[in-house]
Amino acid sequence: MRGNDYVREADRTLEETYEEPMSLGAYVDRIFENPTIASHASKYLLEAIEAAGTRTVVEEGEEKQRYRFFDDPHNDGEHAILGNTEVLNSFVDDLRSIAAGRAKDEKIIWFEGPTATGKSELKRCLVNGLREYSKTPEGRRYTVEWNVTTASDSRGLSYGGDPTAGDDEHWYESPVQAHPLTVFPEKIREDLLAELNGQLEDHVPIHIDSELDPFSREAYEFLEERYRRQGEESLFSAITDENHLRVKNYVVDVGQGVGVLHSEDDGPPKERLVGSWMHGMLQELDSRGRKNPQAFSYDGVISQGNGVLTIVEDAAQHADLLQKLLNVPDEQSVKLDKGIGMDVDTQMLIISNPDLEAQLNQHSDRNGMDPLKALKRRLDKHQFGYLTNLSLETELIRRELTNETSIWEADTYDELEGRIRQPVSVTVRDSEGETTVREFAPHAVEAAALYAVVTRLDEENLPAGLDLVEKAMLFDQGYLQEGDSRRTKDDFEFNGDGHDGEHGVPVTYTRDRLAELLQTDRDRHHAELPVEDVIMPRDVLNAMADGLGDAPVFSTGERSEFENRIVPVKNYIYDQQESDVIEAIMHDKRVDEETVAEYVEHVYAWETDQPLYNDRGEEVEPDALKMKLFEVEHLGRFSEEAYQGNQPRESVVQFRREKVITALNRHAWEHRDEDFAVENVDLTAIPVINTVLESHDWDDVERTFEDFDPRQWDDPPSGTETEAVKDRTIETMVDLFEYSEASAELTSRHIMGQVSYRWN
């Protein structure tokens, strides 16, 4: 597009966002067409969250429905809240109760959690989501604006067609986003809402209990007095004529519908809550012997958040203010001054670190005499924890290292697994201003993420036979594959709920350690290789372990505990690297699916006496030799001694029945509503067959490449089988497994160095 095209596109965007002001009557007609635009604060917030829809996620080994609103979809996930889905769902459930008036009306929602758990992202996500929702037809938000110049004594009461009515400089918007329906007398408003709620499809009625804000009340009473003195019979119509009152839409944002009190904001409690008097203005305005509400700033957190949401950030810094908020949720009012009160409609939410709870409990030993008891009773706590999912922590670390913001969504765990292991390239600048691209090798960021997760898991509630790495994988995948069987979280006996995610290595520590690695001198251990800009998984884990002693965020006990958890993570990552190398070596030697399918069909026919047909459609007997060769050469499970001729001995018979036939029967049961045919079976659903298709071991390598010698890997002699295997392996790791040539070289050297010690 050219310049003017972009300008026109911007025009269209703003046209879709804003509307021309309308009369009060037109607004009422509009809300009967689209009732959601009249929703009260908590209902509006609920609708904004629900409008974004849901998606299915696995967290802590369980499937959950997650509201996409918290993925920050309007900003491509820039401020998404990763994980904590159960906490967020609980928040939405409470919000639904508050909106419906069923319970918790007096509650102040409280999000607590240690540093770097996503609490700041929650604030940004809420603001972003509400802003974008308010731009949609269903989420339009409206308030009122007033023009009293058309009722001046000099002009008379020419409220029909007065020229000043079209002059925007004479129109003054309600400074606290007053709901348009608050203009109506209480009885009329009740009747209107009863009719409106009667056509709602959901079970959350709209309720508008507040009165006009003091600023608008001043304008209303001014007009009411003038028209009453003139003997106007249709007094309400005169006051709310479109020359005096207009309904306008506004985009929800900080300061207009959303109030945010930051940790650094100061001032007296009243000023932070609702605003302050502008004393110079009091002398200029006709206050009739009292303070004029039009001389009030309305820049306090509740004033700004009236109509939608009020957020107190880092609430421990505003503990003195919290007690002043006690009656706001249930009484829905605050005072500007002793004689001037203001009704408010806002959902109150506070965010804090655990230090706030320590302040709240300082008098807990006084039992019934605790002066903070009333405040604590009104706080509805939701606790954020550290991520305990490997995929989520990997995603978070990548966000910290790069500009990636999109949310990871996947239909299968295999897709997530591919992203977890991916390399990450980062451009760094040295002290002389030169830039270098450095690579975290495949599994390097995964190693950092897995270690962080393992430090956050509760070791006390581990089921027998399960270690922390396995628990981490169970939480992320939702299952563990153990040989030919798959076990879910329900199959394990956990000792209580545990304290997973309550403490551990925060992502900020991980980010800082990785950033230091990016800036360190190039690797001198491999000076003869072009690998100086590669950071390996073992480099990452060593750096994270070495930094524990100097990090002030950890106690002595935590340092000792976290150091002890590094070894199983190193072992797991080594296994992943080893698997990559073996699969790359054996890539061209994989058994094709036709051969595997033929074996399965023959075993099925052998066991069930089902007819078996060749390519010409002729019925044939199961081929004992084919089955034997597959089991000996491809499965590597048996030697010649396991057969008498071509006929299987008991060990082979048992294997076929338990590993192949049982899996087929399970598949048939799971698809019992369909016509079962062995040729339609997904072969990867049979664990032992999937092993043949997807993975190999060193025995396969040794059996396939008889002259291969891993001790020669670093510098294989020319013309040897080792040289040929290495060339193909490096090429495969680069082409299929996303390694760079340098990281493939380093990874394969590391693995071969370990394998050499045990090679026959």
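Q: Is Arg 96 buried, partly exposed or exposed?
A: A residue is called buried under 20% relative accessible area, exposed over 50%, and partly exposed in between (1.4 Å probe, protein chains only). Arg 96 has a relative accessible area of 21% and is therefore partly exposed. Asp 93, with 42%, is partly exposed as well. The model is predicted: local features need pLDDT of at least 70, side-chain atom pairs count only at pLDDT 80 or more, and totals for chains, interfaces and linings use all residues. Residues are numbered from 1 along each chain as its sequence is written, and side-chain values use heavy atoms, with hydrogens and water left out.

Q: What do the side chains of Asp 93 and Arg 96 form?
A: Side chains of opposite charge can pair when their charged atoms come close. The term salt bridge requires a side-chain nitrogen of Lys or Arg within 4 Å of a carboxyl oxygen of Asp or Glu. Asp 93 and Arg 96 meet in such a bridge, at 3.2 Å from N to O. Both residues lie in helix 4, 3 residues apart, about one turn of the helix. Helices (H or I, at least four residues) and strands (E, at least two) are DSSP runs, numbered from the N terminus.

Q: How many salt bridges does the structure hold, and which residue pairs with Arg 189?
A: The structure holds 43 salt bridges. Arg 189 pairs with Glu 211, the closest N and O atoms being 3.4 Å apart. Arg 189 belongs to helix 6 (residues 186–197) and Glu 211 to the loop between helix 6 and helix 7 (214–229), so this bridge ties together parts 22 residues apart in sequence. Arg 189 is buried, at 3% relative accessible area, whereas Glu 211 is partly exposed, at 30%. Bridges may also share partners: Asp 714, Lys 726, Glu 745 and Arg 749 are joined in this way into one network.

Q: How many aromatic pairs does the structure hold, and how is one described?
A: A pair of aromatic rings is described by the distance of the centres and the angle of the planes. Rings of Phe, Tyr and Trp (its six-membered ring) pair if their centres lie within 6.5 Å; planes under 30 degrees apart count as stacked, over 60 as edge-to-face and the rest as tilted. The structure holds 19 aromatic pairs. In one of them, Phe 91 and Phe 111 have ring centres 5.2 Å apart and planes at 75°, so the pair is edge-to-face. This pair links distant parts of the chain, with Phe 91 in helix 4 (residues 85–100) and Phe 111 in strand 3 (residues 108–112), 20 residues apart. Phe 91 is buried, with a relative accessible area of 0%, and Phe 111 counts as buried at 0%.
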